[in-house]
Amino acid sequence: MAVTWLKRGKPETERAADDAKTRATVESVLADIEARGDAAVRDLSVKFDRYDPSSFRLTPSEIEAAMQKVSARDMEDIRFAQTQIRRFAEAQRASMTDIEVETLPGVFLGHRNIPVQSVGCYVPGGKFPMVASAHMSVLTASVAGVPRIVASAPPVNGAPHPAIVAAMALGGAHEIYVLGGMQAVGAMAIGTQTIKPVDMLVGPGNAFVAEAKRQLYGRVGIDLFAGPTETMVIADDTVDAELCATDLLGQAEHGYNSPAVLLTNSRKLAEATMAEVDRLLKILPTAATASVSWADYGEVIVCDSYDEMLSVANDIASEHVQVMTNRDDWFLENMHSYGALFLGPRTNVANGDKVIGTNHTLPTKKAGRYTGGLWVGKFLKTHSYQRITTDAAAAEIGAYGSRLCMLEGFVGHAEQCNIRVRRYGGQNVPYGAAAE
């Protein structure tokens with residue numbers, strides 16, 4: 001068995017070269033927001049977005065005015081996408097039930113799924129205003145029952161982006177701000193004189209937004225430690241080079257550092273796909289970006305067998321994994337490390353990004369080894385509770401607890417148990433001793 005790289009991307013050491021600079025910049029910005037609040041946020045907005053409104057929060061009339069600028073067709077498409085996303089999120093929420101079980105006579109244990117009380121949803125603007133990200137974060141939080149949903153996106157061409165505002169409002173946002181980048185994330189997490197802090201931050205963003213979320217984690221919850229968009233196409237000779245190349249470049253256009261990997265057991269398909277990528281880059285309108293990603297982060301890997309392809313795919317743990325083989329269900333059953341799977345040639349990542357109903361905020365940088373992506377469950381906290389309803393159960397559990405506490409030397413703990421054994425079990429347990 002052998003794995004052959006026909007094309008490799010930059011070494012990981014080179015990819016991480018700018019991390020330290022980004023970290024220092026973000027640390028300074030967050031400290032400034034902590035110290036100066038609204039003044040710092042306004043200075044940052046002017047510096048990075050050249051935007052200086054009287055208030056960053058949109059009023060109901062401003063939201064309505066923005067929505068009026070969205071064409072009827074675009075509004076219909078936004079509503080269609082949100083319907084699909086809501087349907088799946090509601091099905092996911094219905095799968096998460098509160099439970100209570102009687103583990104012993106008179107001993108009841110349970111858990112409740114409780115929404116996070118406030119969430120800040122960041123929606124990127126910049127080169128590509130990410131309308132779909134508003135669906136994925138705001139709407140999903142709404143289905144989860146979050147009582148305060150704050151949404152923020154940068155201005156586009158000096159004004160709120162109408163379609164983003166529409167998606168936020170239709171998704172259920174309670175507060176909408178026109179703020180971008182680090183200042184938005186910092187303001188929502190830290191709070192300012194006019195922005196009440198949230199309990200959790202979600203949503204994708206550039207390297208500075210991702211680093212800000214990393215530094216703020218612990219102070220607030222976050223969805224994921226997100227990096228650049230990643231895609232992998234797992235293909236055999238049941239599909240052609242045009243399909244593979246199109247799906248690779250469709251994600252490579254996200255940014256200059258978006259890894260795109262072809263994994264195949266057909267050297268003929270691998271070579272044809274590389275040639276097809278070169279052809280498409282001559283006509284793709286976003287080739288200026290996609291070509292850099294492909295040159296620096298594109299990879300083509302040829303394996304001898306499906307088992308070998310599976311092993312390599314699980315090791316890379318890509319964010320998006322498109323499977324187009326004669327055994328798609330086998331990959332579904334056996335893959336364990338990825339963000340989301342897209343099965344069969346009729347399926348594609350762009351549908352998942354925009355409309356099909358699953359969430360597009362997914363783990364990157366191998367995080368698929370230990371977490372899935374954003375979903376309704378990320379906005380819910382599962383809290384346990386206990387209840388003892390009979391004297392006999394209180395005495396029985398108390399006696400076990402007493403002895404186990406004393407085994408560890410926790411006398412005060414043991415007395416919490418002992419007092420119940422004395423009161424409800426009628427046993428004369430000496431103070432500081434283990435129950436019989």
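**Close-up 1. Asp315 and Lys366 pair up in a salt bridge.** Their closest N and O atoms sit 4.0 Å apart (a salt bridge here is a side-chain nitrogen of Lys or Arg within 4 Å of a carboxyl oxygen of Asp or Glu). Asp315 belongs to helix α13 (residues 306–316) and Lys366 to the loop between α15 (349–354) and β14 (380–388), so the contact ties together parts 51 residues apart in sequence. Asp315 is exposed at 52% relative accessible area, while Lys366 is partly exposed at 32% (buried means under 20%, exposed over 50%, partly exposed in between, with a 1.4 Å probe and protein chains only). A note on what you're looking at: this is a predicted model, where local features need pLDDT of at least 70, side-chain atom pairs count only at pLDDT 80 or more, and totals for chains, interfaces and linings use all residues. Residues are numbered from 1 along each chain as its sequence is written, and side-chain values use heavy atoms, leaving out hydrogens and water.

Close-up 2. The N to O distance is 2.7 Å.

**Close-up 3. Five strands make an open parallel sheet, ordered β6-β5-β4-β7-β8.** Two strands pair if DSSP finds at least two bridges between them. β6 (175–178) and β8 (221–222) are the edge strands with a single partner each, so one side of each has no neighbour in the sheet. Strand β7 (residues 200–202) runs parallel to β8, joined by 2 bridges; Leu201 has Ile222 as its bridge partner in β8. Helix α6 (residues 131–144) packs on the sheet, touching β4 (118–122), β5 (148–153) and β7, with its direction at about 175° to that of β5 (contact means heavy atoms within 4.5 Å; axes are lines fitted to C-alpha atoms, for helices over the stretch in contact, with angles from 0 to 180 degrees between N-to-C directions).

**Close-up 4. Glu415 and Arg422 meet in another of the salt bridges.** Here N and O are 3.1 Å apart. Glu415 is buried at 9% relative accessibility, whereas Arg422 is partly exposed at 26%.

Notes. Helices (H or I, at least four residues) and strands (E, at least two) are DSSP runs, numbered from the N terminus.
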